Amino acid sequence: MSHACYVLGAWGVTLAAAGVYTASLIVRGRRLMRRARAKAGANGE
Amino acid sequence: MTPPEASAAPSEPRVASYLGGPARTGSRFTFWLGLVTLIGLAGVAALGLLAVPADDVQGDAVRIIFVHVPAALGAYLAFGLTAVGSVMWLWRRSVWWDITAHAGAEVGVLLCGLTLVTGMLWGRPTWGTYWEWGDVRLVTTLILFLVMIGYLSVRALGGDAASVATRSAVVGLVGGINIPIVNRSVSWWANRTLHQQSSLTDGKLEDLTLFTLFLAFVVAAMAICWMMLHRFRIGWLERQLQARDLDDALAARRAEAGR
């Protein structure tokens with residue numbers, strides 16, 4: 001493949017950035033869910 | 001010893017009712033959407049990196065088109081949602097649209113950043129340079145990226161929610177005005193850009209390349225939809241929890257004053 005480092009670099013950066021952002025969304029969602037659970041439990045609702 | 005009912009975690013419906021709405025950022029729909037997106041992504045990678053023939057002029061560098069163009073169109077779409085959300089906030093004071101605008105900006109900044117980086121990696125083997133300051137498409141895209149970084153910075157400054165939403169909506173509108181300028185820049189200032197015109201409309205792409213590009217658009221649209229849904233629900237949950245924190249603090253203060 002000609003220009004392999006550019007092609008693989010572009011694909012790699014895209015997949016890595018999208019993957020990291022996706023994982024961060026999942027983690028942030030779970031943290032909020034835990035906070036909501038803890039508060040709902042503390043308020044006895 | 002703690003009674004079992006007190007130590008058990010509140011069930012999801014209970015948490016949902018506590019928050020007055022959904023208590024999760026994921027759902028059965030987003031699970032299947034994510035799975036189909038991953039399968040589609042594997043298909044685009046197989047076709048784009050292995051099956052599509054190299055271009056006569058650009059060689060294998062043309063394979064960058066399958067990540068660069070969907071990222072650029074996705075950034076327009078996400079920033080477009082930010083602009084619409086900003087208008088709706090200023091017009092109707094709609095919190096729902098304000099959260100959508102914020103979600104669009106965050107997803108859009110990711111995609112616009114990827115557009116710039118993949119564009120630079122495509123430019124080096126094609127034009128012989130990573131960046132050209134005289135190129136209108138490159139510079140207008142960078143300006144759009146910086147404006148939307150500004151949008152996220154304004155949101156991060158803090159303050160009361162309504163003021164933050166209003167200030168950021170103004171920045172969101174500036175970004176929205178920038179979108180058609182970035183998109184049309186290669187036509188309006190055709191002699192001041194190295195960038196090619198639309199790859200889709202000039203009819204130079206081979207059938208398999210065109211098919212793979214359309215598949216990449218569909219996969220990118222599904223990925224953006226997944227990210228927007230999750231980011232919107234995160235924003236919504238944050239608002240609900242902030243409102244609850246405020247209610248609890250007020251109740252504690254009243255209880256203190258009543259003693």
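Student: Is B:Val139 buried, partly exposed or exposed?

Tutor: This is a predicted model, and in it B:Val139 counts as partly exposed, because it has 17 C-beta neighbours inside 10 Å. A buried residue would need 20 or more.

Student: Where is B:Val139 in the chain?

Tutor: In helix 6 of chain B, which covers residues 136-156.

Student: Ok, zoom out. What secondary structure does chain B have?

Tutor: Chain B has 8 helices and 0 strands. Its pattern along the sequence reads α-α-α-α-α-α-α-α.

Student: What share of the chain B contacts with a separation of 6 or more comes from residues 24 or more positions apart?

Tutor: Those residues account for 77% of them.

Student: And how much of chain B is buried?

Tutor: Of its 259 residues, 38% count as buried.

Student: Now chain A. What is in there?

Tutor: Chain A comes to 1 helix and 0 strands. Its C-alpha trace spans about 65 × 10 × 5 Å along the principal axes. There are 45 residues in chain A, and 29% of them count as buried.

Student: How many residues do the two chains use to touch each other?

Tutor: 27 residues of chain A are in contact with 38 residues of chain B. On the chain A side, the classes are 15 nonpolar, 7 polar and 5 charged.

Student: How does helix 1 of chain A pack on helix 5 of chain B?

Tutor: Their axes are 9 Å apart and the angle is about 170°. The two helices are therefore roughly antiparallel to each other; the cut-off for that word is an angle over 145 degrees.

Student: Which residues make that contact?

Tutor: From helix 1 of chain A, they include A:Tyr6, A:Ala10, A:Val13 and A:Tyr21. From helix 5 of chain B, they include B:Leu110, B:Leu114, B:Trp122 and B:Arg124. By class, this contact has 11 nonpolar, 3 polar and 1 charged residues.

Student: What about helix 5 and helix 8 inside chain B, at what angle do they cross?

Tutor: Roughly 130°, with the axes coming within 9 Å. Helix 5 of chain B is residues 95-127 and helix 8 of chain B is residues 207-258. The pair is therefore oblique.

Student: Left-handed or right-handed crossing?

Tutor: Helix 5 of chain B passes helix 8 of chain B in a right-handed crossing. Among the residues in contact are B:Ile99, B:His102 and B:Glu106 of helix 5, and B:Met227, B:Phe232 and B:Trp236 of helix 8. The contact residues divide into 9 nonpolar, 4 polar and 3 charged.

Student: Last topic, the largest nonpolar core. Which residues touch the most other members?

Tutor: Of its 62 residues, those are A:Ala10, B:Ile64, B:Ala78, B:Leu111, B:Cys112 and B:Met148. The elements giving two or more residues to the core are helix 1 of chain A and helices 4, 5, 6, 7 and 8 of chain B.

Student: Which helix gives the largest share?

Tutor: Helix 5 of chain B, with 14 residues.

Student: And what does B:Ala78 touch?

Tutor: Leaving out residues up to four places away in sequence, B:Ala78 touches B:Gly104, B:Val107, B:Gly108, B:Leu111 and B:Ile224.

Note on methods: Residues numbered from 1 in each chain as written. Chains lettered and ligands numbered in written order. Predicted model: local features only at pLDDT ≥ 70, side-chain atom pairs only at ≥ 80, totals over all residues. Axes fitted to C-alpha atoms, helices over the stretch in contact; angles between N-to-C directions. Helix = DSSP H or I, 4+ residues; strand = E, 2+ residues; numbered from the N terminus. Parallel < 35°, antiparallel > 145°, perpendicular 65-115°, else oblique. Left-handed = near helix turned anticlockwise from the far one by under 90°. Contact = placed C-beta atoms within 7 Å. Nonpolar A, V, L, I, M, F, W, Y, C, P; charged D, E, K, R; others polar. Buried ≥ 20, exposed ≤ 12 C-beta atoms within 10 Å, placed from the backbone. Core = buried A, V, L, I, M, F, W, Y, C linked by C-beta atoms within 7 Å.
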